[in-house]
Amino acid sequence: MTTTDDGDWFETAFAGAPLMAILRGMGVERTLALAETAWDLGIDSVEVPLQTEEDERALRELVERGAARGKSVGAGTIISPEQVAVAGDAGAAYLVSPGIDAAVVRAAQDAGIPILPGVATPSEVQLAVSLGLTWLKAFPATWLGSGWFKHIRGPFPQVKFVATGGLDASNVEEFLDAGVRVAAVGSALEDSSQLERLAALLKERAAATG
């Protein structure tokens, strides 16, 4: 897979909705339930961070559940080349890292799996661009602030960002309005009042782009 294919893959994967779900350390059953909630809401992309053996079991089961619904499932918190192999074996369609490590990026590219490395500084964005990447994860988003994205687009207009860290129904719109292509939510999927706001947001954004 070429790095251009990575960009095309994410462009297609995130075309349906500007939100993604991150289900960290929730166990198998809770992960499956919240993923179904996300999919029913219209959020196509679901990520399961890999930090424990139970996370790996949750990822494997969710990949199978997602396949039945035509959904792709990603693996997050990938911080070593060895984890790239584990995630790929579990069926992850894409990978997400908290930071950027050239060895991890190259391992993902060699395995043919699209990867979203995490960045928080211009130097890290520049490194990612030098590795041929155009889609990046900005983390932690609420610490960076929505203004960060307006500034970073100046020198890097070609880069598209997925914002993660501290986002929920109360602030995702602020980040999307700042130019973020995708905003990630997690525990908000268990809050009925937030679900209503997220559903309304998805409907509004779909109408605006349609």
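**The sheet and its edges**

Tutor: In this predicted model, 9 strands form an open sheet with parallel pairing, in the order 5-4-3-2-1-9-8-7-6. Two strands lie at the edges, strand 5 (115–116) and strand 6 (118–119), and each of them pairs on one side only. In general, the strands of a sheet pair through backbone hydrogen bonds, in either a parallel or an antiparallel manner.

Strand 6 pairs with strand 7 (residues 135–138) in the parallel sense, over 2 bridges.

Besides its 9 strands, the chain has 10 helices. Its C-alpha trace spans about 40 × 35 × 30 Å along the principal axes. A compact globule of 210 residues would have a radius of gyration near 17 Å, and the chain agrees with this because its own value is 16 Å.

Contacts and surface complete the picture. Of the contacts between residues at least 6 apart in sequence, 62% join residues at least 24 apart. Buried residues account for 50% of the 210 residues. The accessible surface comes to about 9,200 Å², and carbon and sulfur atoms contribute 50% of that surface. Finally, the chain carries 16 positive and 28 negative charges, whose mean positions are 5 Å apart.

Conventions
Residues are numbered from 1 along each chain as its sequence is written. This is a predicted model: local features need pLDDT of at least 70, side-chain atom pairs count only at pLDDT 80 or more; totals for chains, interfaces and linings use all residues. Side-chain values use heavy atoms; hydrogens and water are left out. Helices (H or I, at least four residues) and strands (E, at least two) are DSSP runs, numbered from the N terminus. The radius of gyration is taken over C-alpha atoms; the globule rule is 2.2 Å times the number of residues to the power 0.38. Buried means under 20% relative accessible area, exposed over 50%, partly exposed in between (1.4 Å probe, protein chains only). Contact means heavy atoms within 4.5 Å. Accessible areas come from the Shrake-Rupley method with a 1.4 Å probe; for residues, only the protein chains shown count as cover. Lys and Arg count as positive and Asp and Glu as negative; His and the chain ends are not counted. The place of a charge is taken as NZ of Lys, CZ of Arg, CG of Asp or CD of Glu. Two strands pair if DSSP finds at least two bridges between them.
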